[in-house]
Amino acid sequence: MQPVDPNKTVIGAPTIDPNRTVLGSPVVTDPNKTRAMGAMDPNKTSIMAPMAPEFALSASIVSSRDATMANGPAREQFLIELQAAGQTAIPGLGVGVTRTPLNLCLVIDRSGSMEGAPLEYVKQACCYVVDLLSPNDVLSIVTFEETVDVLMPPQRVTAKDPIKQGISRLTPGNTTNLYDGLALGMAQVLQTADANRATRMIVLSDGDPTAGIKDFQSLVQHAHEIKNRGITVTFLGFGPDYNEELLAAMAKRTGGNYYFIPRPDLIPEVFRTELEKLSTVVAQNLRLEVKLARWVSLRSTGWEAKGADIREFSIALADMERGATMQQVVDVEFQNHPLGHYRVVAGRLTFDNCLSGRTETVDIDMAIEFTADSAKYSAPVNPVVRQAADIQAASRVVEKTIMGLKSGQITVMGAVADLQKTQMLLLQEGRTQEAQEVTLAMRAIQSGDTSGAEKTLMGTMVNLDQGKK
């Protein structure tokens with residue numbers, strides 16, 4: 001991309017939306033000129049940043065109400081909505097399609113249970129991935145069973161046939177050492193770390209870890225450490241024996257996706273879907289940090305406290321593909337507070353811009369009026385904020401249903417009743433994909449396949465947690 005000449009008018013440059021924060025590299029402006037601003041939307045807190053041709057995200061903040069109650073306890077919500085640049089995901093990766101270059105590691109379970117059709121479909125899927133990649137992409141392949149091996153160290157995909165021949169020679173082994181497979185995959189990705197590349201590990205397994213470090217907390221913490229190194233991990237689980245609770249928890253900790261594959265013949269299609277998403281990533285390693293005013297407490301779940309400080313929290317967000325929208329609700333509670341307008345949360349969003357290759361940071365502050373006017377603080381909640389909060393609540397309901405089924409604390413009838421309510425909510429909010437997944441889970445429960453229902457619902461929960469629309 002050529003540098004921006006401040007003395008030239010760029011034809012076709014993006015238009016600034018005054019209701020959005022544009023995150024990207026600043027263009028040069030004339031300090032001697034005054035910029036005229038358009039009318040502001042009173043329902044949005046707008047934080048302006050300069051526009052650039054390689055901007056990756058825009059952001060808007062909407063409060064649940066324009067004002068909250070002063071001189072008494074109150075609770076409000078703020079919706080942060082992120083919009084990725086460009087059109088929606090590319091329907092196929094044909095020749096000539098502009099997309100994000102990849103740094104991809106395939107981490108493949110080849111334990112004994114993979115013998116036969118499962119491993120053959122994995123080989124087919126991996127070869128399909130190789131065919132879709134270009135010389136600009138970096139690929140590595142790691143396999144794991146009782147031992148872990150590098151089938152292919154990180155390299156550009158310039159000669160595809162030798163790679164596919166190596167994949168075709170994969171054979172099943174013994175037990176499942178997931179922990180060391182992840183560690184070796186991380187090592188491959190870190191060899192070619194590049195902010196311009198979408199970085200991802202795709203892990204496929206059909207079983208529970210049976211070798212190496214096997215306990216749940218250690219594996220989830222391992223996933224968290226991988227995310228802290230700037231690597232997102234997607235987990236694909238199939239067959240009746242894999243641990244869906246573990247794979248979903250690790251996917252959440254790394255900001256990646258989770259897929260339940262009911263039949264091995266669907267593996268190639270799921271690989272294709274994930275690769276198309278990955279190839280359109282424009283922003284990765286998103287982290288939202290907030291610092292609360294001393295009289296504010298956080299009610300939202302999923303946030304990490306910064307050490308012992310009960311006022312500073314952060315949350316890792318999923319990667320953003322071209323044209324994607326993500327919503328994150330910040331739920332806060334206030335103690336007795338005097339009249340006036342106050343900033344209640346100081347926020348900051350940081351991410352790696354795959355379009356520019358730079359790390360971008362923007363301040364996202366949340367402010368609200370404290371009033372004694374009951375007509376103001378009792379006004380209906382903004383419907384956009386309510387909708388986003390309802391979706392986040394639906395994720396908690398799904399999680400509760402899964403845990404209830406596993407522990408036997410809820411009956412089949414109770415689980416179906418809870419899921420029917422969630423299904424109706426998802427349909428009302430236009431979340432048809434998740435609603436269909438809930439429908440499949442209800443049918444599985446009613447037919448006695450609670451394990452299949454749990455695996456399906458785990459995927460629904462991860463999708464809802466990401467907040468993508």
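Contact, as used in these legends, means heavy atoms within 4.5 Å. The structure shown is a predicted model.

**View 1. Overview of the chain and its secondary structure.** The predicted model has 11 helices and 19 strands, and buried residues make up 52% of the 469 residues in the chain. Among contacts with a separation of 6 or more, 76% are between residues 24 or more positions apart.

**View 2. Helix α5 and the elements that cover it.** Helix α5, which spans residues 244-254, is mostly covered, with 8 of its 11 residues buried. The buried residues of α5 are E244, L246, L247, A248, A249, M250, A251 and T254. What covers them includes the helices α3 (178-190), α4 (216-228), α8 (383-407) and α11 (450-466), together with the strands β10 (232-238) and β11 (258-261). An α-helix has 3.6 residues a turn, so residues three or four places apart point the same way.

**View 3. Strand β6, enclosed on both faces.** All 8 of the 8 residues of strand β6 (residues 102-109) are buried, so the strand is largely enclosed by the rest of the structure. In a regular strand the side chains alternate between the two faces of the sheet. In β6, L102, L104, L106 and I108 point one way, while N103, C105, V107 and D109 point the other way, and all of them are buried.

**View 4. The two strands that pair with β6.** Strand β9 (residues 198-205) runs parallel to β6 and is joined to it by 7 bridges, with L104 standing opposite R200 in β9. Strand β7 (residues 138-144) also pairs with β6 in the parallel sense, over 7 bridges, and in β7 the bridge partner of L104 is L139. On the way from β6 to β7 the chain crosses through helix α1 (residues 117-132), and this β-α-β crossover is right-handed.

View 5. V142 lies in strand β7 and is buried, with a relative accessible area of 0%. The C-alpha atoms of V142 and D109 are separated by 8.8 Å, although the two residues are 33 residues apart along the chain.

**View 6. Two separate nonpolar cores.** The largest nonpolar core has 48 residues, of which L178, L182, M201, V203, F235, M250 and Y258 touch the most other members. Leaving aside its neighbours within four places in sequence, V203 is in contact with V107, F144, L178, L182, V233, T234, F235 and L236. A second, separate core of 40 residues includes I61, A74, W295 and F370.

View 7. The structure holds 6 aromatic pairs. One of them joins W295 and Y342 in an edge-to-face arrangement, 6.3 Å centre to centre and with 80 degrees between the planes. W295 lies in the loop between β12 (281-292) and β13 (296-298), whereas Y342 is in strand β18 (residues 340-353), so this pair ties together parts that are 47 residues apart in sequence. W295 is buried, with a relative accessible area of 16%, whereas Y342, at 29% relative accessibility, counts as partly exposed. W295 also forms an edge-to-face pair with F370, 5.5 Å centre to centre and with 80 degrees between the planes. Because F370 lies in strand β19 (residues 358-371) and W295 in the loop between β12 and β13, this pair ties together parts that are 75 residues apart in sequence. F370 is buried, with a relative accessible area of 1%. W295, F334, Y342 and F370 form one aromatic cluster.

**View 8. A lysine over a tyrosine ring.** The charged end of K455 sits over the ring of Y242, at 4.9 Å from the ring centre.

How values were computed:
Residues numbered from 1 in each chain as written. Predicted model: local features only at pLDDT ≥ 70, side-chain atom pairs only at ≥ 80, totals over all residues. Heavy atoms only, no water. Phe/Tyr/Trp six-rings, centres within 6.5 Å; stacked < 30°, edge-to-face > 60°. Helix = DSSP H or I, 4+ residues; strand = E, 2+ residues; numbered from the N terminus. Buried < 20%, exposed > 50% of the residue type's maximum accessible area, 1.4 Å probe, protein only. Lys NZ or Arg CZ within 6 Å of the ring centre and 35° of its normal. Pairing = 2+ DSSP bridges. Right-handed = clockwise from strand over helix to strand, strands pointing away. Core = buried A, V, L, I, M, F, W, Y, C linked by side-chain atoms within 4.5 Å.
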